[in-house]
Amino acid sequence: TAEKQRRILSFFQFTSLSTKDKFGILVQRDPRLAGLGVLGRGVLFSCFHEEHLKEATQLYEVLIKCESFEEFLDLCHQAREYVNEGLYVYAVSVAILHRQDCRGVSLPPVQEVFPDKFVPLETLFTAFKEVRLHPEDEEIIVDIEKTGNIKDPEYNLAYYREDIGINAHHWHWHLVYPATWRPEVVHRIKDRKGELFFYMHQQMCARYDSERLSNGMPPMVPFHNFNEPMEGYSSHLSSSVNGMPYAFRPDGRILKDMREVSVQ
C-alpha cells in the first residue's frame with residue numbers, strides 16, 4: 001500500500017503543469033481515452049456543469065474499469081497530458097476511491113492540490129515570498145488574509161463559511177457520491193444516495209445555524225424570492241490555472257441567469 005500511495009501521489013503534484021515523468025507502458029494514446037480533452041486546459045472545471053461532468057464521467061468510468069493497477073496508472077499518466085486540470089483531479093479521485101486495488105490509499109487533501117481554491121491570493125503571495133527568504137527546513141507560519149467587512153454582521157461567520165475543512169469535506173462528498181454514477185456501468189450500487197445527499201447538507205446547515213446563534217445572530221431564512229436583492233461577497237480568490245480572479249458579487253445583486261461564466 002505504501003508503494004501504491006507513493007505512485008498515486010505523483011498524479012496530483014503540480015497538476016496545472018505538464019507531466020514530466022512518463023509511466024510509458026503504452027506508446028500511443030489508449031483508444032479508451034478517445035473523446036476526452038474537450039474541456040480545454042486552463043478552463044475552470046465544475047462538477048455542477050453538465051458538459052464538464054459528462055466528460056469527467058467518461059474518464060472515471062474508464063479508470064474504474066481498468067483490469068490491473070498498472071493499467072490504471074498508465075491511463076492516468078496518459079490522460080494528464082491533455083485533460084483539463086480540475087476535471088483530471090476529479091475523475092482520478094473518484095476512480096481511486098472506488099477501485100478495489102486502491103483500498104487503503106489516501107487522496108491528498110484538495111486544499112493542497114488546489115490551494116488557490118481555498119486561500120486568498122494575498123496570503124498565497126505572502127507565503128511564496130516568505131518561502132524564498134527562509135531556509136527550506138525552517139517552519140513558516142503565514143496568517144491568512146480574511147475576507148469581508150468588519151462593519152457587516154455576516155463577517156462574524158466568515159470563520160465557518162470559509163473554513164478549509166468544511167469546504168474540502170463538501171468536495172470529498174461529491175467524489176464519494178458522483179451525480180452521474182451509473183451502477184449498470186460500474187457494477188456497484190450507491191444505495192440511498194438521495195437520502196444521504198439531503199442528510200449531509202441538512203447537517204451542514206444545522207451546524208451553521210448553531211454557529212449563528214452562538215454569535216448572537218438569527219438563524220438562516222430560507223431563500224424563496226429569487227427577485228430579492230442579495231448581500232455582497234468577494235472571496236479574494238484567484239485561479240492558479242489561468243491566473244484570473246473569481247468575480248465578486250456586489251451588494252443588491254439579484255439572482256438571474258448568466259452566460260456560462262465561472263471566472264471573469
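The protein chain contains ten helices and zero strands, where helices (H or I, at least four residues) and strands (E, at least two) are DSSP runs numbered from the N terminus. The model is predicted, with local features requiring pLDDT of at least 70 and side-chain atom pairs counted only at pLDDT 80 or more, whereas totals for chains, interfaces and linings use all residues. Residues are numbered from 1 along each chain as its sequence is written, and side-chain values use heavy atoms, with hydrogens and water left out. Along the sequence the pattern reads α-α-α-α-α-α-α-α-α-α, and the C-alpha trace spans about 60 × 50 × 35 Å along its principal axes.

The second largest pocket has a volume of about 420 Å³. A pocket is here an open set of points on a 1 Å grid over the protein atoms alone where a 1.4 Å probe fits, with protein on both sides within 12 Å along at least five of seven lines; lining residues have an atom within 4 Å of a point. The volume is the space filled by probe spheres set on the points, which are joined across faces, edges and corners. The lining of this pocket comprises 19 residues, with F14, E112, V113, F114 and P115 lying nearest the centre. Two or more lining residues are given by each of α5 (110-113) and α6 (121-133), and the largest share, three residues, comes from α6. Domain 1 (1-108) and domain 2 (115-215) each supply at least three residues to the lining; these bounds come from an automatic or database domain assignment. By class, the lining divides into ten nonpolar, seven polar and two charged residues (nonpolar: Ala, Val, Leu, Ile, Met, Phe, Trp, Tyr, Cys and Pro; charged: Asp, Glu, Lys and Arg; polar: the others, Gly among them).

Eleven salt bridges are present in the structure, each defined by a side-chain nitrogen of Lys or Arg within 4 Å of a carboxyl oxygen of Asp or Glu. One of them joins the side chains of E3 and R6, at 2.6 Å from N to O. E3 and R6 are separated by about one helical turn because they lie three residues apart in helix α1 (residues 2-9).
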